[in-house]
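Dear colleague,

Please find below the structure that I am handing over to you. My findings follow directly after it.

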Amino acid sequence: MSGSNNGNSQNGNGYRIIGSRPVRHDGVDKVTGRALYGADLRLSDCLHGKVLRSPHAHARILSIDTSEALASPGVKAVITSADYPETESKIIDLGEGPAILKDLRANLLADGKVLYKGHPIAAVAATDPFLAREATKKIKVEYEVLKPVLHINDAMAEGSPLLHEDLHTDSLGKKSDKPSNVAKHLRFEIGDIDKGFAEADEIFEREFDTAMVHQGYIEPHNATALWNADGHLTIWSSTQGAFSVRAQTAGILNIPESSIKAVPMEIGGGFGGKIPVYLEPIAAMLSKETGKAVKMTMDRDEVFESTGPTPGSVIKVKIGVKKNGKITAADASLAYEAGAFQGSPVNCGMMCIFAPYDIEHVRVDGYDVLVNKPKTAAYRAPGATNASMASETVIDEIARWASLDPIELRKLNAAKEGTVRADGLAYPRIGYVETLEACESHEHYKAPKEGSFRGRGVASGFWFNCGFKSSVTVSVEKDGTVRLIEGSTDIGGTRTSLAMQLAEILGIEAEDVRPMVVDTDSVGYTDITGGSRVTFATGLAVIEAGKKVQQEMARRAAQLWEVDASDVEVELDVYRSKSDSSKSITFKELAGSLDETGGALSEQASVSPQGVGGGFGTHIVDVEVDPDTGKVQVLRYTAAQDVGKAIHPSYVEGQIQGGAVQGIGWAIYEGYHYNEDGHMTNANFLDYRMPTTLDLPMIDTILVEVPNPGHPFGVRGVGEVPIVPPCAALANAIYDAIGIRLRELPMNSTRVLKALLKEKGALPQGVEA
Amino acid sequence: MDAFDYFAPDNLSEALTLLATPNKTSRPLAGGTDLIVQLRETGLKCDQVIDLKNLAELTQFQSEGGKGWTIGAAVPCSEIYENAEFASQYPGIIDAASLIGGIQIQNRASFGGNLCNASPAADAIPALIAHSVTCQVASKSGTREVNVEDFCQSPGKTVLSEGEILVSLKLPATPKRFGAAYQRFIPRNEMDIAVAGAGSSVVLSEDGKTIESLRVGLGAVAPTPLLVQEISDKLKGKEVDSATFEQAAEIARSYANPISDTRGEDWQRVHLAGVLTQRTLQIACERAQAAL
């Protein structure tokens, strides 16, 4: 590997490494298939675990009889929630939101009630996975089947069946008297909403309904656990946070975190869905029971039915506007599916729904609603895409009403430095307007629209990004290369984006840094990979550790030359004596002299940074609608995003393309299908339709760089923003193509065809409009 | 998946004997693109799998010297569409063979398997109906012929009785001024099962302006793929124009009797049966006219 450095001038701002495009450090392992994923793990004398899952969406468990399963061939252990150790209820911080331990436990192994189809009830360990699966069929469970609650409107209705008889609504801080399926009612408010609407010339009030969707990572969940005779537990799994695996497992099993070593295996996609644990504590309990390692892997239907998708939602938006296009007030109500246990990302949706706009009077209400579906988890800017679908299509309507170009209208109302968001935060320097300007001047936006049933749509989106805690260790090798030990599992090319920041600081090449994601015993505490935080926050730890290394290297040079440390100056990788210009040594040479100057050199840094930079994106999309079939074909796509500073532009482009593609899937193909019994009818990749390469155009990207003042290189998180605008951009493009506003997701061919036929008055009799 | 015995006989009579093993459930295997998935994932159980890919009768693919072609039941899709001579004569079949699965699947999946799987949404069958294909069936007690439109009886069920296998497909020679096409509707551009499908064929008059005869087969709109005989009866002799195509669509819609499921709704499938009938008839006519 060589040639990482594209030269100073190309990178701008005088950076050597930042902004160049070196080959990724984990690239060879990935393309040769040698990277080790959880399913590749082969421990000797390992048992295999399988889970018995509920065939009902909502039922009381009357009895469980595991005796026949236990007597089945090859079976070594069977566990249920009765085998959990006693524990007091508490809250565990997952990194991207807290989880209630009691819920986490009941989600892993049902306790008294099953709350969704696929809800785990029991687990079996056997000598091979097929015997384990066969044995799960011999577990006898008696149910009292209850009516499932499948839609937010039904869940919120008076007299709805209750998922949890002891759940009372926490409404703006007060508990409701009666139990309910609504766990929380939250509100953000600034200004005077009535005054704002009184000032408006026109008010737009619209309602939206979006389907539950899954992250669709290609690698199913897996975990292997070995509970050693000395009481130490080792867990290998596919996770976005090894320390979070440790914390969740320790909480669920009521053992000290320090007794667990969590080893993050290579990860085949997560997008937020691999933050909660599903298998790790079960594998651990089975291992404890049997004294052997236990390996568990999910099948695809288990991933769909029993892990954490992102919620469907019902959103109402009301926006008041002056004739000149200036928005006077905005009001929204967001009800999000939490799934079977509370904790939807509705609060995030509330923060993001009007985030791109400077509006004086804003009110946003949020409802966290339980339904008999899997407990939702984070998915790439969780909650923001639903919200943006609602607000950004109304913005498009307003632009048409005001006879303004949709980008013009957005510029007129755009949030800037100092704008106060609905949740009360005032923005630091942001780059929203710059994304609008980049789109406006882009060739795509200027290109004429040709052909019938073709349309163009624009939409913007925001994600706030996260900071959290990170630790790294940097060690210098005698040959002048550097080991970078970190705890941030790499789902987006962060090994390389971190190595590049270290190389920039130390004046060496990116290839001279060897980044490694290690287990929880081998690095300081590090929060999850989520909230688009790793290149930013772990990057700050890398910079701090790098500076310490540089300082120590300077001290070693001083020792070598027998001068005072203050006499040594550093430029890139060259260390010089200020007083004696004949004395100079490179980083590599100095590394070779470490033994003579005090031995090994290793520095550590742990950070918990503020100064997170939120990100904005604006997307343009062209579509063609087949008027006979309702099929929407995406013809062209351009995404502009304020990325702060692109450390490795190829990976930033990749993030934007990936986010846009997932958003396109969400917009026009994907969605959980449920029958009336609450059974998902498309729990496979054939019928849960994600876009294939043949459904997509090249996604063009525009990297807008407005540096984040909270990071020395200006880094903003980039991974989540790009999934926010696509649904609304597609909805606006479809409107442009066929003149019909679709306010339900997905806008699949069935829905588009129905809308077209309805418009023509040709909807067959008996078909619900 | 449970363990099963695997046999790969090299002559037809041995295969038929194995299939008729008393007290054992047997499943014939061609490309396995349905069978292996069903064994692994959908709980299908059998005692023995009989691989038919070593049998000359099932792997033959040849021209019968002006009397049409024979395609063995285990011949994979890619072998069919890569044969240029065949492709020039059977365009509807080529359409179907080219869109079943991806290239790896096409290297295994056979038309025989597609028929025997008897999915209402099978892509090959409406095209085979359009091309007036007959099925050659064999058992230990002899052979028989079945028209392709009569081969499937209900979802997953065919006319084959125990001990019988589908050996090959007989394709009549295509007349002059013949054209055919198959299309399906899927929400994506790949990786989907037909929400609806239609295969059409026409024989045009010498001036290319009149339809002398035509056949339309529909998929995914009834428990089995359908031949819409009424289109053949009512529209022969009509002009090649949009009014004729629209009439065909209307008749097709009236024969569509689909279900709603996770892949599509009943009214949508009825509507699409009309759209695809119209579109495939038009392409079939264009292809016939191009050959004038």
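**Contacts between the two chains**

Between chain A and chain B, the count of salt bridges is four. Please note that this is a predicted model. In one of these salt bridges, the side chain of Asp687(A) meets that of Arg263(B), at 2.6 Å from N to O. Polar contacts across the interface of chain A and chain B amount to 17 residue pairs, with both residues at pLDDT 80 or more.

On the side of chain A that touches chain B, α5 (129–136) and α21 (749–760) each supply at least two residues. The largest share, five residues, comes from α21(A). Sorted by class, this side of chain A holds twelve nonpolar, eight polar and nine charged residues.

Overall, 29 residues of chain A are in contact with 22 residues of chain B. The two chains bury about 2,300 Å² between them, and 53% of that lies on carbon and sulfur atoms. Within chain A, the residues that lose the most area to chain B are Lys631(A), Leu686(A) and Arg689(A), together 24% of what that side buries.

**A sheet in chain A**

Chain A also contains an open sheet of seven strands with mixed pairing, in the order β3-β7-β1-β16-β13-β14-β15. Its edge strands are β3 (75–80) and β15 (260–264). On average, neighbouring strands are turned by 20° against each other, direction ignored. Strands β13 (residues 222–227) and β14 (residues 233–237) of chain A pair in the antiparallel sense over five bridges, and Ala225(A) stands opposite Ile235(A) in β14(A).

Helix α5(A) lies across β1 (47–53), β3 and β7 (120–126) of chain A and runs at about 30° to β1(A).

With kind regards

Definitions and conventions. Residues are numbered from 1 along each chain as its sequence is written. Chains are lettered from A and ligands numbered from 1 in the order in which they are written. This is a predicted model: local features need pLDDT of at least 70, side-chain atom pairs count only at pLDDT 80 or more; totals for chains, interfaces and linings use all residues. Side-chain values use heavy atoms; hydrogens and water are left out. Contact means heavy atoms within 4.5 Å. Buried area is the accessible area (1.4 Å probe) that two parts lose on being put together, summed over both. A polar contact is a pair of N or O atoms within 3.5 Å; within protein, one must be able to donate a hydrogen and the other to accept it, and residues adjacent in sequence count only if both atoms are side-chain atoms. Helices (H or I, at least four residues) and strands (E, at least two) are DSSP runs, numbered from the N terminus. Ala, Val, Leu, Ile, Met, Phe, Trp, Tyr, Cys and Pro count as nonpolar, Asp, Glu, Lys and Arg as charged, and the others, Gly among them, as polar. Two strands pair if DSSP finds at least two bridges between them. Axes are lines fitted to C-alpha atoms, for helices over the stretch in contact, and angles run from 0 to 180 degrees between N-to-C directions.
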